[in-house]
Amino acid sequence: MTGPLLAARSVTVRFGGLVANRDVDLEVPEGMISALIGPNGAGKTTLFNTISGTQRPTAGVVEFAGEEITSLPPSRRARLGIGRTFQNLSLVGSLSALDNVTVGLGRFRRTGLPGSILRVGSTRRQDRAILEVAAGALAFVGLADQAERPTEELPYGARRRLELARALALVPRLLLLDEPSAGMGPAESGALADVVRRARDDLGVTTLVVEHDMSFVRSLAERTSVLDFGSVVASGPTGEVLQDERVIAAYLGVAA
């Protein structure tokens with residue numbers, strides 16, 4: 001494949017008279033960790049939703065691995081290899097950490113309800129394979145020793161890593177992280193950043209992260225794009241972008 005793994009081309013999203021995204025161009029190179037930042041109300045979540053398929057653009061296209069996916073629903077995008085976490089944790093507190101990962105692996109089961117009831121050999125093999133994948137994902141994020149612990153008893157930072165384990169268990173080619181360090185202290189966010197880097201280095205997972213914590217972005221992202229009032233005002237290597245006068249103006253609310 002030539003070109004970026006993910007691309008938004010001239011994407012515009014309108015809600016009545018409100019323009020949330022205006023003619024946005026965004027590229028995410030394969031094998032890199034990229035960030036999407038901007039002040040509150042800049043249109044980051046709308047663009048993220050457009051990429052993941054929960055929001056249809058008013059104009060423009062979204063491409064993944066060289067193919068247009070603008071009209072595909074989230075489930076089809078997931079099967080193509082696009083995974084996502086959410087700002088608000090969507091874990092089941094009463095289930096164990098291991099069960100929270102396995103419930104997301106149902107799409108790998110092929111025998112259906114009759115086979116599950118009869119517990120035929122293929123179903124048992126699939127169950128073992130799903131458990132192995134889930135356990136491996138937990139180990140990857142450093143939660144192997146917490147596999148049987150109820151999720152509601154886990155510290156907040158561990159729950160964040162658990163949600164990342166659920167996404168990684170689905171073997172995504174592209175991982176979309178929605179404010180993954182929200183509510184974390186420096187040590188917790190540093191541990192999470194290490195996992196994201198290892199996912200890229202060891203598993204080949206390309207990542208796009210929406211984030212407000214500039215320390216997290218600076219330490220993790222190789223490329224950064226900045227939205228302000230729905231439009232991209234800067235894009236490029238993270239160190240250069242964060243020193244751009246337009247970016248500083250967007251965050252401080254002053255003229256560049």
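Q: Which strands form the open sheet, and in what order?
A: Four strands do, in the order S2-S1-S4-S5, with antiparallel pairing. Strands here are DSSP E runs of at least two residues, helices are H or I runs of at least four, and both are numbered from the N terminus. Two strands pair if DSSP finds at least two bridges between them.

Q: Which strands stand at the edges?
A: S2 (18-28) and S5 (67-68). Each has a single partner strand, so one side of each is left without a neighbour in the sheet.

Q: Before we go on, what am I looking at?
A: It is a predicted model: local features need pLDDT of at least 70, side-chain atom pairs count only at pLDDT 80 or more, and totals for chains, interfaces and linings use all residues. Residues are numbered from 1 along each chain as its sequence is written, and side-chain values use heavy atoms, with hydrogens and water left out.

Q: How many bridges hold S1 to S2?
A: Seven, with S1 covering residues 6-15. Ala 8 has Leu 26 in S2 as its bridge partner.

Q: And how many join S1 to S4?
A: Five, again antiparallel; S4 is residues 59-64. There, Ala 8 stands opposite Val 62.

Q: Switching topic. How many residues are in the largest nonpolar core?
A: It has 43. A core means buried Ala, Val, Leu, Ile, Met, Phe, Trp, Tyr and Cys residues joined through side-chain atoms within 4.5 Å. Buried is under 20% relative accessible area, exposed over 50%, partly exposed in between (1.4 Å probe, protein chains only). Among the residues with the most contacts inside this core are Val 101, Leu 138 and Leu 162.

Q: Which helix gives the most to this core?
A: H6, with seven residues.

Q: What does Leu 162 touch?
A: Leaving aside neighbours within four places in sequence, its contacts (heavy atoms within 4.5 Å) include Leu 91, Val 101, Leu 138 and Leu 154.

Q: Is H6 buried or exposed?
A: Twelve of its 14 residues are buried, so H6 is largely enclosed by the rest of the structure. Arg 160, Arg 161 and Glu 163 are among the buried ones.

Q: What follows H6?
A: Val 171, whose phi is positive, near 55°.
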